[in-house]
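Hi,

Here is the structure I promised to pass on to you. Have a look at it first, and then read my notes below.

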2 protein chains.
Amino acid sequence: MTYQAPVDDILHALKTAADLDQALAAGVYPGLDADTVRAIIEEAGNFGADVLAPLNWPADREGLKLNGSVVKTPAGFRDAYKKFAEGGWSALPCPEEYGGQGLPEVISSAVGEIWNSANLAFGLCPLLTQGAIHAIEAAGTSEMKSRFLPPMIAGTWTGTMNLTEPHAGSDLGVLRSKAERSGDGTYRITGTKIFITCGEHDMSENIIHLVLARLSDAPAGTRGISLFLVPKYLVNDDGSLGDRNDVICAGLEHKLGIHASPTCVMKFGEQGGAIGYLVGEENRGLATMFIMMNAARLAVGVQGVAICERATQRAVAYAKERRQGKSFMPASGDMSPIIEHADVRRMLLTMKALTQASRMICFATARALDDAHLASDAASKAGALSRAALLTPVAKAFSTDNGVEVASLGIQVHGGMGFVEETGAAQHLRDARILPIYEGTNGIQAIDLVMRKLPLDGGNAVISYFKELAGIAEAVRASNRADLGLTGKRLAAALAALGEATAWMGKALQTSPEAALAAATPYLRLFGLTAGGAYLAKGALNEAEGSRHVALARFYAENLLTQCPGLSDTVTNGDGSVLVEAHGAVFA
Amino acid sequence: MTYQAPVDDILHALKTAADLDQALAAGVYPGLDADTVRAIIEEAGNFGADVLAPLNWPADREGLKLNGSVVKTPAGFRDAYKKFAEGGWSALPCPEEYGGQGLPEVISSAVGEIWNSANLAFGLCPLLTQGAIHAIEAAGTSEMKSRFLPPMIAGTWTGTMNLTEPHAGSDLGVLRSKAERSGDGTYRITGTKIFITCGEHDMSENIIHLVLARLSDAPAGTRGISLFLVPKYLVNDDGSLGDRNDVICAGLEHKLGIHASPTCVMKFGEQGGAIGYLVGEENRGLATMFIMMNAARLAVGVQGVAICERATQRAVAYAKERRQGKSFMPASGDMSPIIEHADVRRMLLTMKALTQASRMICFATARALDDAHLASDAASKAGALSRAALLTPVAKAFSTDNGVEVASLGIQVHGGMGFVEETGAAQHLRDARILPIYEGTNGIQAIDLVMRKLPLDGGNAVISYFKELAGIAEAVRASNRADLGLTGKRLAAALAALGEATAWMGKALQTSPEAALAAATPYLRLFGLTAGGAYLAKGALNEAEGSRHVALARFYAENLLTQCPGLSDTVTNGDGSVLVEAHGAVFA
């Protein structure tokens with residue numbers, strides 16, 4: 001089945017969850033108007049559907065080949081990447097100063113969804129390159145920026161993030177890769193990094209690695225980590241490519257999914273040391289890497305949305321075609337399309353509702369990032385920055401957990417055919433399964449939300465956000481719309497549950513941080529479910545009766561928001577039984 | 001990592017959920033005692049650990065080969081199957097009259113868990129053979145039984161179920177395979193069947209296919225389906241193998257998981273008609289097939305338990321070894337084993353709790369089947385039969401949904417390593433994903449529970465079951481055990497929620513069956529969660545303080561039973577938003 005970009009759902013999410021119309025009217029995005037936004041998304045949709053989507057399944061089958069240290073990508077990937085760059089898509093969200101188009105995060109997230117829906121393995125390469133551009137822009141010298149950014153933005157070079165080492169995954173403080181000052185202002189980097197996405201491939205002329213390493217005189221732990229730019233090919237003063245640098249791909253992982261995306265073991269300095277350039281200050285590398293990682297976390301959340309969307313489209317198409325049994329629908333013939341069976345419809349509605357809710361949370365996060373970047377006064381900037389920081393872990397974890405759940409439901413809708421690889425539904429689950437893991441596991445996201453984000457601005461970041469959601473619940477109540485069913489009631493109950501759980505968290509952070517950690521994951525789920533329900537309801541309020549936005553908001557409220565009070569019970573009373581197990585009886 | 005049979009957890013589940021001690025004392029199982037039960041399970045555990053488990057991963061990698069119509073199984077499978085048969089394991093649950101050991105369903109389920117934990121792809125073949133034996137025993141002529149059962153029970157022949165056709169999956173009424181009377185009492189079978197597990201392989205001397213087909217003068221629909229026994233090799237009067245019958249494997253599916261289990265396209269009668277023998281009466285085949293399928297449904301539920309157990313063992317072992325970060329645990333060094341991190345412990349406890357809850361529900365179902373078979377008076381027999389019928393869809397769907405969830409959590413515990421195939425965690429998710437689909441999708445199970453099982457005995461089957469669960473809740477309350485935390489409260493709330501949802505279902509069945517269908521899946525989840533919580537609590541009551549059974553029951557109650565009231569809200573008020581979508585706005 002073919003992929004079609006859900007242009008209307010994307011625009012609806014931008015309009016409601018990201019208040020795009022309001023932002024355009026208020027001049028938040030100079031030079032942008034509604035027609036241009038639609039035109040960009042439609043054009044991206046065409047590129048995704050015509051160029052990227054047809055490669056998704058064959059590339060998964062073909063996989064990657066490692067010859068020596070050269071990685072060959074599947075048929076069509078090189079050409080597609082060339083077209084992607086030529087079409088200006090790699091430049092879209094980048095600074096105009098270096099050849100970018102300077103389009104905001106809301107647009108970048110919308111088109112990012114399309115690339116990843118069409119082809120998740122392909123979408124990862126621009127995603128990582130974007131992160132590297134962010135980091136260089138934020139912390140590089142102006143000389144570094146003018147040398148490296150233009151070709152990265154043009155898409156002729158790509159970028160990577162080199163964090164993980166075999167013994168240092170979530171815990172970066174213990175990484176061992178070494179950097180030595182060479183005396184000429186450059187550094188020599190040695191060490192092994194694993195799980196490096198697009199560490200080596202044949203789609204671009206050069207690859208710019210951003211690498212975390214430790215100077216020999218650096219303090220221990222996370223305060224002794226520096227960030228280096230290590231190009232695959234050194235770059236001459238005139239911008240032309242020079243010698244091959246001392247970095248190679250020593251292996252490819254054999255993975256459950258994203259078979260077309262190279263996940264590399266990278267060896268730095270096997271010939272004496274890879275030449276690296278310091279990005280930012282010595283020993284302050286982790287802070288810069290976090291700039292990159294935070295942007296990437298939202299982008300991974302958007303990948304969750306993307307896989308939700310693709311799996312849902314496939315399941316809906318199959319359920320409209322496949323006929324089995326007789327449904328209760330009046331017009332149904334001897335054999336009904338299975339979409340008419342109530343239980344299948346429940347699955348499809350769950351998929352669709354989780355997709356749109358995740359999309360809305362991601363786009364709301366993107367809008368906050370834009371405000372943080374574009375707002376004219378310092379207070380608005382700071383408020384928006386806190387909002388973005390608060391929502392980023394939710395956007396990442398909620399959307400990617402949903403990616404797995406929705407892709408799994410997509411298989412179920414197909415019945416036995418879903419388990420057969422040729423159908424394509426199984427690939428979505430295989431691909432989706434990495435999303436809750438990389439760029440910070442979803443457990444790390446939950447801990448980040450609870451330990452670092454709830455306390456932001458003395459708690460005001462979360463308080464002001466909940467006020468906004470409460471305003472939506474109040475508007476639903478005041479609308480008195482019968483076609484929204486119990487939406488108002490369920491949303492109010494969800495917000496009350498979230499408030500209760502948040503108050504508990506506030507206390508736990510003071511008195512028993514380990515209890516907060518034990519309850520972090522159900523808390524994040526409660527947060528995401530509630531926020532998603534609020535956005536869906538907001539998106540229904542101005543729609544006519546019979547609108548699909550109304551039907552979806554109601555379904556979500558009556559079938560998924562119902563989980564919220566129970567989640568609050570788990571948060572506020574479940575930690576004890578997690579911590580009692582510190583005694584270890586169960587796993588003795 | 002190696003698999004170790006969880007002998008103590010299995011015995012604990014047998015003792016509590018299946019009341020095995022009481023049954024042994026009451027003489028329900030003549031000739032069986034507690035020592036024998038333990039010895040059988042330990043011996044099975046050794047066979048699973050030593051012979052089957054080491055083949056699990058290499059066989060997944062190697063997969064199957066189809067040469068012409070001959071299927072070659074992975075290295076070691078032939079030999080393992082031979083040892084399995086020689087060890088008497090295939091005969092274990094079979095009638096003594098034909099060479100079986102006549103051991104009851106509770107033992108069969110316990111050892112079935114072990115085979116499937118050790119090697120799910122291997123375990124499927126005996127599972128299907130067992131189903132075929134059941135059907136022949138129930139409906140075959142005595143001549144047929146003496147000819148076919150002994151070698152099937154001895155394990156030299158295996159069996160299959162041939163139901164599905166390309167256009168007839170969940171809806172068997174429309175199947176088209178044909179049977180013609182040949183005049184000599186036999187039939188000629190023609191047609192194509194798909195998704196036939198172990199339809200062809202090299203592990204046994206003969207394969208006995210049970211095939212649903214339609215006589216040309218049969219009524220339309222499900223009342224015109226007959227069941228035939230079609231051997232791969234015809235069998236001479238002296239029991240020796242004769243000519244090759246007209247049935248071949250025309251293809252193997254390329255699947256997400258269970259790569260070592262052949263899923264075959266079977267062609268019957270390409271050379272004029274496969275010789276088949278009628279099992280039971282003409283046009284009454286579906287009833288016999290359901291005997292087979294019901295037994296298989298419990299066995300698939302047990303496969304869910306099995307994959308839960310294996311994934312949990314692997315994740316626990318990894319979490320004890322892998323060190324990252326510093327936990328709050330007092331004794332923790334610079335780098336703690338990740339099992340000490342509260343969020344990881346939450347995942348592992350969830351896995352362990354869902355595993356044991358699923359196991360207990362399956363074993364309770366097995367006990368009911370035994371009572372139905374062995375009880376001396378008609379009333380007890382009938383009551384037990386209803387109990388088994390009621391619990392079978394719950395055992396199948398709840399356990400297999402948990403299989404997918406637990407296997408997915410198992411990947412998450414491993415972080416990035418979980419996504420790498422060599423780790424082995426990913427295989428469990430790939431293998432688990434078929435379980436909610438085959439032997440009746442979990443949606444079909446939910447519909448079966450609601451439409452056919454709740455009304456059993458005028459509702460008394462479910463009423464008497466809930467009374468039993470309420471007795472457990474009351475015993476928890478009366479125990480006043482502080483170490484059970486909120487277990488009593490949460491269990492009472494879950495039972496109240498289940499009662500409310502059941503009352504709603506009772507009304508919906510009368511007035512709006514489509515509403516009952518729309519709510520069936522969350523209803524089954526609510527039923528399974530509550531029953532599992534009750535059994536865990538029952539299993540905790542007689543244990544000392546500090547026991548892992550107490551810790552697990554409390555964790556489950558405080559962290560998972562909390563979902564029950566919300567599920568009841570979904571059941572009783574969620575159907576409207578599913579059915580409103582009959583208008584189709586969302587999927588227009």
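Helix H18 (residues 564-579) of chain A packs against H16(B) at an angle of about 170°, and their axes are 8 Å apart. Since angles over 145 degrees count as roughly antiparallel, that makes H18(A) roughly antiparallel to H16(B). From H18(A), the residues making the contact are A:Thr570, A:Asn573, A:Gly574, A:Gly576, A:Ser577 and A:Val578. H16(B) meets them with B:Ala551, B:Arg554, B:Phe555, B:Glu558 and B:Asn559. By class, this helix pair brings together 3 nonpolar, 6 polar and 2 charged residues. Please keep in mind that this is a predicted model.

Now to the whole contact between the chains. It takes 82 residues from chain A and 82 residues from chain B. On the side of chain B that touches chain A, at least two residues each come from helix H9 (342-374), helix H10 (378-413), helix H12 (442-453), helix H15 (513-541), helix H16 (548-559) and helix H17 (564-579) of chain B. H17(B) gives the most to that side, with 10 residues. Sorted by class, the side of chain B that touches chain A has 39 nonpolar, 27 polar and 16 charged residues.

In soluble globular proteins, nonpolar side chains tend to be buried together. Here the largest nonpolar core has 400 residues, and those touching the most other members are A:Phe228, A:Ile361, A:Tyr523, B:Phe228, B:Ile361 and B:Tyr523. Leaving aside residues up to four places away in sequence, A:Phe228 touches A:Ala179, A:Tyr187, A:Ile189, A:Val211, A:Ala213, A:Gly276, A:Tyr277, A:Leu278 and A:Val279.

Last, two backbone details. Most residues other than glycine have a negative phi. A:Asp19, though, has a positive phi near 45°, and this residue is found in the loop between helix H1 (7-16) and helix H2 (20-25) of chain A. A:Asn283 has a positive phi too, of about 70°, and lies in the loop between strand S12 (274-279) and helix H8 (285-321) of chain A. A:Asp19 counts as partly exposed because it has 18 C-beta neighbours inside 10 Å. A:Asn283 also counts as partly exposed, with 18 C-beta neighbours inside 10 Å.

Best wishes

Note on methods: Residues numbered from 1 in each chain as written. Chains lettered and ligands numbered in written order. Predicted model: local features only at pLDDT ≥ 70, side-chain atom pairs only at ≥ 80, totals over all residues. Contact = placed C-beta atoms within 7 Å. Helix = DSSP H or I, 4+ residues; strand = E, 2+ residues; numbered from the N terminus. Nonpolar A, V, L, I, M, F, W, Y, C, P; charged D, E, K, R; others polar. Core = buried A, V, L, I, M, F, W, Y, C linked by C-beta atoms within 7 Å. Buried ≥ 20, exposed ≤ 12 C-beta atoms within 10 Å, placed from the backbone. Axes fitted to C-alpha atoms, helices over the stretch in contact; angles between N-to-C directions. Parallel < 35°, antiparallel > 145°, perpendicular 65-115°, else oblique.
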